[in-house]
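User: I am new to this structure and would like to learn how to read a few of its features. Please take them in turn.

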Amino acid sequence: MRATILHAPGDVRVEDRDRPVVQEPTDAIIKLVATCVCGSDLWPYRGDDALTEPVAMGHEYVGIVEEIGANVHNIRVGQFVVGSFFASDNTCEICRSGYQSGCVHRQGVGGAQAEYMRVPLADGTLVATPGIPDADKIPALLAASDVLGTGWFAAKAAEVGPGKTVAVVGDGAVGLLGVLAAKHMGAERIIAMSRHADRQALAREFGATDIVEERGDEGVEKIKELTGGLGAHSVLEAVGTQESMMQAIRATRRGGHVGYVGVAHDVELPGLEMFFSHVHLHGGPAPVRDHLPELIDLILTGRINPGKVFDLELPLDQAAEGYKAMDGRRAIKVLLRP
């Protein structure tokens with residue numbers, strides 16, 4: 001089969017690899033219908049995450065179940081499924097509390113930028129759709145496997161709700177879908193922080209009422225100006241840098257909430273400032289599996305269309321071009337067709 005392999009920073013190749021096989025009785029093998037490049041894939045692509053050996057890339061996926069292990073009972077061959085980037089049993093005490101990404105048996109899921117992939121703990125990780133979805137729903141369902149689920153969790157973690165003002169730090173796919181989530185959850189005002197016209201336009205389409213182009217302390221001051229000097233009730237952080245995290249915290253009013261889902265790189269929080277801020281922090285790897293049933297229903301019934309974040313579609317063999325496009329901000333998010 002064909003699979004995307006990162007050999008070194010900037011060196012993405014699509015190569016022939018062995019097709020995955022069932023290794024554990026709880027595994028499933030999926031034939032990928034669509035996959036994509038994630039913003040978090042750019043960390044190792046840019047050299048910010050160290051590589052010690054070539055790595056099979058990709059953790060966002062939808063596809064058809066080809067084979068299942070002997071202990072898989074809820075997923076059947078031939079079903080169209082959506083999964084998440086962490087495999088979970090969905091039965092442990094942590095999973096039952098809604099944090100499947102913290103499952104006591106969790107495993108990372110990778111190698112999705114390929115023709116086939118192996119998914120561990122299939123019963124607890126995969127959610128089947130009712131029948132094979134129409135082709136126009138595929139991008140939206142693919143978004144649910146990570147960026148929509150992550151933006152959704154950020155909004156939940158930030159206690160977004162009716163009557164609240166929400167600010168979103170980060171205009172990548174997760175941030176933009178955080179805007180969509182905030183709109184669906186009833187936020188009264190949604191401030192998207194973005195400097196790019198195409199992303200600003202999509203943010204407004206998803207529900208943003210205001211755009212702030214400033215960053216850092218200037219961005220914080222602009223948020224304060226828009227909120228009577230208080231700051232936003234809820235702030236979604238979707239980048240993962242020191243500047244973005246502090247911008248999110250400082251743009252939040254006292255007693256407000258920050259939902260942070262950007263993968264943190266060299267982030268350090270000042271203890272005394274946090275102590276006097278009265279800001280609630282909650283986040284981490286999104287428990288996408290917890291949200292998938294609701295998100296799939298919202299997509300299939302046409303109430304949301306997160307698939308609009310995909311503004312470039314390429315065949316799998318052109319994955320390297322997809323990485324270049326996202327790295328150069330020529331694309332918000334790249335969909336790959338195996």
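Analyst: We can begin with helix H7. What covers the buried residues of H7 includes helix H6 (173–184), strand E12 (189–193) and strand E13 (210–212). Helices (H or I, at least four residues) and strands (E, at least two) are DSSP runs, numbered from the N terminus. This is a predicted model, in which local features need pLDDT of at least 70 and side-chain atom pairs count only at pLDDT 80 or more, while totals for chains, interfaces and linings use all residues. Residues are numbered from 1 along each chain as its sequence is written, and side-chain values use heavy atoms, with hydrogens and water left out.

User: Which residues of helix H7 are buried?

Analyst: Buried means under 20% relative accessible area, exposed over 50%, and partly exposed in between (1.4 Å probe, protein chains only). In H7, residues 197–206, the buried ones are Arg199, Gln200, Leu202, Ala203 and Phe206. Seen down the axis of H7, they fall within an arc of 165°, so they line one face of the helix. The arc is that of the directions from the helix axis to the C-beta atoms.

User: What follows H7?

Analyst: Glycine 207 follows H7, and its phi is positive, near 130°.

User: How is a pair of packed helices described?

Analyst: Two packed helices are described by the angle between their axes and the distance between the axes. Axes are lines fitted to C-alpha atoms, for helices over the stretch in contact, and angles run from 0 to 180 degrees between N-to-C directions. The axes of H6 and H7 cross at roughly 20° and come within 8 Å. H6 and H7 are therefore roughly parallel to each other. Angles under 35 degrees count as roughly parallel, over 145 as roughly antiparallel, 65 to 115 as roughly perpendicular and the rest as oblique.

User: Which residues meet where H6 packs on H7?

Analyst: Contact means heavy atoms within 4.5 Å. From H6, Leu176, Leu177, Val179, Leu180 and Lys183 meet Arg199, Leu202, Ala203 and Phe206 of H7. By class, these contact residues are seven nonpolar, no polar and two charged. Ala, Val, Leu, Ile, Met, Phe, Trp, Tyr, Cys and Pro count as nonpolar, Asp, Glu, Lys and Arg as charged, and the others, Gly among them, as polar.

User: At what angle do H5 and H6 pack?

Analyst: Helix H5 (residues 147–157) packs with H6 at an angle of about 55°, and their axes are 7 Å apart. That makes H5 oblique to H6. The contact of H5 with H6 has ten nonpolar, four polar and no charged residues.

User: Where is proline 162, and is it buried or exposed?

Analyst: Proline 162 is in the loop between H5 and strand E11 (165–169). Its relative accessibility is 70%, so proline 162 counts as exposed. Apart from neighbours within four places in sequence, proline 162 is in contact with Met185 and Gly186.
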